[in-house]
Amino acid sequence: MMAALDIILLDPHEAKIRSLLTQGAGEERSAYMQFGIADIDADPWTGQARRRLVSHRFDPIGEADLISASGRHITWQTDGFMRLLGEAKIAGLVPALVHTHPKGKAKFSDQDDRNEAELARTALLKGVPGLVSIVIAKNGDIAARLWTDTEKSVAIPRILHSGPRLRISGLSGTPADFLDRQVRLFGEEASRQVSGFRCGIAGGGATGSALLPLLLRLGVQQAVQFDRDIVDETNLNRLHGARCSDVDEKMPKTTIHTRTVEESGLGMTLVTMDAWAGHPSTWDALKACDVIFCCTDDHAGRLFLNRFARFYGIPVIDVGLAMQRRAETAYDLFARVSILVPGHPCLLCGGYVDPRRAREEALRRDDPNAYHRLKEEAYVLGEGDPSPAVVTFTTEAATMAVNEWLAGVTGLAGGSGMVPTRMRRFHARDERKPNVEPHPGCPCCDEPATLGRADVQPFLDMVT
């Protein structure tokens with residue numbers, strides 16, 4: 001039995017697909033693509049295997065290669081197709097054909113079936129794991145399927161459109177009755193979209209504990225949360241859902257959040273994992289998400305998700321806070337939300353993550369004895385005093401993150417969707433959008449070979 005299939009279509013690649021509609025003056029046009037493979041051995045919500053195909057590269061077919069074209073057909077020389085298959089086999093990618101239906105619907109014709117069956121035969125004989133076919137209609141609708149044998153193809157109705165604007169094709173169902181007031185504002189389709197996202201939450205502390213109930217009340221049906229901390233008394237000033245008795249019982253934070261969801265009865269399936277996001281045991285669950293909220297306060301987790309978003313095309317919404325008291329009545333109180341999607345600068349470009357801190361934190365988790373030896377020898381910075389934390393600020397930061405995601409899904413802030421970074425200064429009562437540019441040659445966000453590359457060995461091309 002074939003694993004469940006879906007596609008993650010990255011914004012820069014989708015824009016190029018859509019640009020085919022403006023070419024050819026009403027005649028069909030075609031292109032090649034390559035997709036990375038994200039295999040999930042066990043989906044966190046169903047336990048079943050899944051395969052996600054992530055758009056990695058778009059290669060137009062030049063006018064010189066066209067043989068003939070009209071509003072109902074297109075033929076081209078196949079030299080480029082053979083090169084595509086050879087490159088895909090070497091790299092372990094899935095090749096794809098794209099063509100337009102400028103006078104029709106996003107539906108494969110009988111002629112498409114016949115032509116693609118022959119191309120699929122060639123592809124499979126070449127040794128690639130399948131052939132993706134994508135068609136886009138004049139109205140912008142997209143359909144996709146996968147050929148794994150020459151007799152029939154498998155439809156791929158679920159497509160995550162990943163970029164500053166977010167959308168999932170292929171969702172069905174009606175928003176829950178308790179969302180009536182939300183539907184009155186956003187409409188039924190936008191509320192269906194919100195409910196249909198599979199959401200990851202990295203961190204179950206102050207920000208993560210505030211963010212989870214917001215997703216719950218918005219109607220999100222599937223979520224997974226990563227944390228391995230135990231609640232202590234100092235958490236009670238900001239950990240939503242925590243009770244004094246939880247401290248005495250040394251309750252895991254994830255258990256507290258499971259209780260919150262179950263007691264609500266609002267239909268969310270929450271899976272919790274007793275691990276930090278980035279640990280090998282979390283990889284499947286992370287790959288299964290449609291969006292990940294990074295609510296961790298460590299640099300190691302942020303640096304991992306910064307790279308993960310690039311390889312898998314899964315949007316990461318990073319939340320950061322900084323609080324300090326400068327004088328008797330003077331404070332610096334900041335909240336930051338950064339959106340990691342193709343085209344946006346990464347956390348390294350923004351200076352929001354410190355690679356040295358990240359390495360030390362990873363060492364402290366993986367090899368505490370080695371970490372303490374280096375600390376004694378002053379080779380690592382070590383931990384400082386606990387950071388200040390106030391529940392109103394951590395909660396507002398969580399709300400900022402969720403509202404930015406809603407802007408991407410519903411378009412509430414305009415057609416451009418999510419902005420790269422928002423910075424709120426509580427002490428100055430203002431908000432800014434820093435103009436951070438991607439750094440030329442950035443090893444994360446300016447490396448074409450990593451965009452949508454998905455599964456590689458070692459994971460994320462990280463040598464440990």
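Mentor: A search of the whole structure finds 32 salt bridges, a salt bridge being a side-chain nitrogen of Lys or Arg within 4 Å of a carboxyl oxygen of Asp or Glu. The model is predicted, so local features need pLDDT of at least 70 and side-chain atom pairs count only at pLDDT 80 or more, while totals for chains, interfaces and linings use all residues. Residues are numbered from 1 along each chain as its sequence is written, and side-chain values use heavy atoms, with hydrogens and water left out.

Let us begin with Asp 39 and Arg 51, which form a salt bridge whose closest N and O atoms are 2.7 Å apart. Asp 39 lies in strand E2 and Arg 51 in strand E3, so the pair ties together parts that are twelve residues apart in sequence (helices, H or I with at least four residues, and strands, E with at least two, are DSSP runs numbered from the N terminus). Asp 39 is partly exposed, with a relative accessible area of 27%, and Arg 51 is partly exposed at 24% (buried means under 20% relative accessible area, exposed over 50%, and partly exposed in between, for a 1.4 Å probe and protein chains only).

Another salt bridge joins the side chains of Arg 57 and Glu 87, at 2.7 Å from N to O. This pair links distant parts of the chain, with Arg 57 in strand E3 and Glu 87 in helix H2, 30 residues apart. Arg 57 counts as partly exposed at 32% relative accessibility, and Glu 87 counts as partly exposed at 35%.

Asp 430 and Arg 425 also meet through their side chains in a salt bridge, 2.5 Å from N to O; here Asp 430 is partly exposed at 23% relative accessibility, whereas Arg 425, at 19%, counts as buried. Elsewhere, salt bridges that share partners join Asp 6, Asp 43, Arg 50, Arg 52, Arg 158, Arg 198 and Asp 290 into one network.

An open sheet of nine strands, with mixed pairing, has the order E9-E8-E7-E6-E2-E3-E1-E10-E11, where two strands pair if DSSP finds at least two bridges between them. Its edge strands are E9 (153–155) and E11 (167–169), each of which pairs on one side only. Strand E1 (residues 4–10) and strand E10 (residues 159–162) pair in the parallel sense over four bridges, and Ile 7 stands opposite Ile 159 in E10.

Helix H2 (residues 79–91), the helix that holds Glu 87, lies across strands E2 (30–40), E3 (50–60), E6 (94–101) and E7 (131–137), running at about 15 degrees to E2 (axes are lines fitted to C-alpha atoms, for helices over the stretch in contact, and angles run from 0 to 180 degrees between N-to-C directions).

Leaving aside neighbours within four places in sequence, Glu 116 is in contact, meaning heavy atoms within 4.5 Å, with His 99, Phe 108, Leu 131, Ser 133, Arg 145 and Trp 147. With one of these, Arg 145, the side chain of Glu 116 makes a polar contact to the side chain at 2.8 Å (a pair of N or O atoms within 3.5 Å; within protein, one must be able to donate a hydrogen and the other to accept it, and residues adjacent in sequence count only if both atoms are side-chain atoms).
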